[in-house]
Amino acid sequence: MALPIKTFVLRYPCQAAAAAVATGRAPGFVAGVPKVSSSFSTVAAARPLSCLSSRLAGRPQCFTPAVPTTSTRASSTHVSPREAPSAPLDWNTFFDLRTKRRRVQMVFSVASGLGTGFVGSGALLAGAGEAMTEHIPLDPIVTLGFATLAFTALGWLIGPTIGSYFFWLRYHKWKTQMTIKEAEFFTRIKKHRVDPSNSSTSNPVPDFYGEKIQSVAGYRRWLKDQKAFDKKKRADFV
């Protein structure tokens, strides 16, 4: 006995769609069911149907293939490391940068001192120091020697400025925070250092400017040295 068309469509939708295609009928019209208007059509209605055999149900089931959705992570804004705010400068990093800057300044002081001394001595030997040797009542060799030392000292004094320039080119992102930390550091040094007027040969002032401090532990050691100086001063006074 033939099954009704409605029951056939409900139980076997894939076979009904295939029969409609074979007979030339519109896919949207099966057994008197009106076709959906195109004005209300959605993306799901335009997608092709595919049948998947289910082993559990024992009958074919139709499903609509899912359309891959775009990930929201791909559209999220990405902040580059250069645009990210710099982390606050802690004291250990401050002392590390301070030590590196002093080493760079020392290297440039030595290099500029030797360079200016070499160039100055060459210029003096080439005849630039004849007028100077005539007006100074000393041996010409001694006069040229002092002039060479003067050129070397000039280069030594210029070296830290050149070294600081190249140092800040490398660590320019820390310059503002380094300046603030350095001012705070010298304020602490002035507050906790001892009075140098009571110093003596047997009890010298321990690192009056704090130049030997290279870490937080070194700063704490410096504070202990200041207290030890005060105790020794009071003991000598009593």
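Here are legends for a few close-up views of this predicted model.

**View 1. Two stretches call for some caution.** The chain has a mean pLDDT of 74, and 62% of its residues reach 70 or more. Over residues 26-58 the pLDDT is below 50, and this stretch has 32 contacts beyond near neighbours in sequence. Residues 60-85 also stay under 50, with 22 contacts beyond four places in sequence. Where pLDDT is low, the predicted coordinates should not be read in detail.

**View 2. Helix α4 meets helix α6.** Look for α4 at residues 91-128 and α6 at residues 140-170. Their axes come within 5 Å and cross at roughly 145 degrees, and the crossing is right-handed. At the contact of α4 with α6 you will find 16 nonpolar, 14 polar and two charged residues.

**View 3. T143 sits in helix α6.** Is T143 buried or exposed? Its relative accessible area is 4%, under the 20% cut-off, so T143 counts as buried. Leaving aside residues up to four places away in sequence, T143 touches M132, T133, I136 and L138.

**View 4. Aromatic rings pair up.** The model has 12 aromatic pairs. One of them joins Y165 and F166 edge-to-face, with 5.5 Å centre to centre and 80 degrees between the planes. Y165 is exposed at 54% relative accessible area, while F166 is partly exposed at 41%. F208 and Y209 form an edge-to-face pair too, at 5.1 Å and 90 degrees. Here F208 is partly exposed, at 22%, and Y209 is exposed, at 52%.

**View 5. Five rings form one aromatic cluster.** Its members are W91, F94, F95, F185 and F186.

Definitions and conventions: Residues are numbered from 1 along each chain as its sequence is written. This is a predicted model: local features need pLDDT of at least 70, side-chain atom pairs count only at pLDDT 80 or more; totals for chains, interfaces and linings use all residues. Side-chain values use heavy atoms; hydrogens and water are left out. pLDDT is the predictor's confidence in each residue, from 0 to 100. Contact means heavy atoms within 4.5 Å. Axes are lines fitted to C-alpha atoms, for helices over the stretch in contact, and angles run from 0 to 180 degrees between N-to-C directions. Helices (H or I, at least four residues) and strands (E, at least two) are DSSP runs, numbered from the N terminus. A crossing is left-handed if the near helix is turned anticlockwise from the far one by less than a right angle, and right-handed if clockwise. Ala, Val, Leu, Ile, Met, Phe, Trp, Tyr, Cys and Pro count as nonpolar, Asp, Glu, Lys and Arg as charged, and the others, Gly among them, as polar. Buried means under 20% relative accessible area, exposed over 50%, partly exposed in between (1.4 Å probe, protein chains only). Rings of Phe, Tyr and Trp (its six-membered ring) pair if their centres lie within 6.5 Å; planes under 30 degrees apart count as stacked, over 60 as edge-to-face and the rest as tilted.
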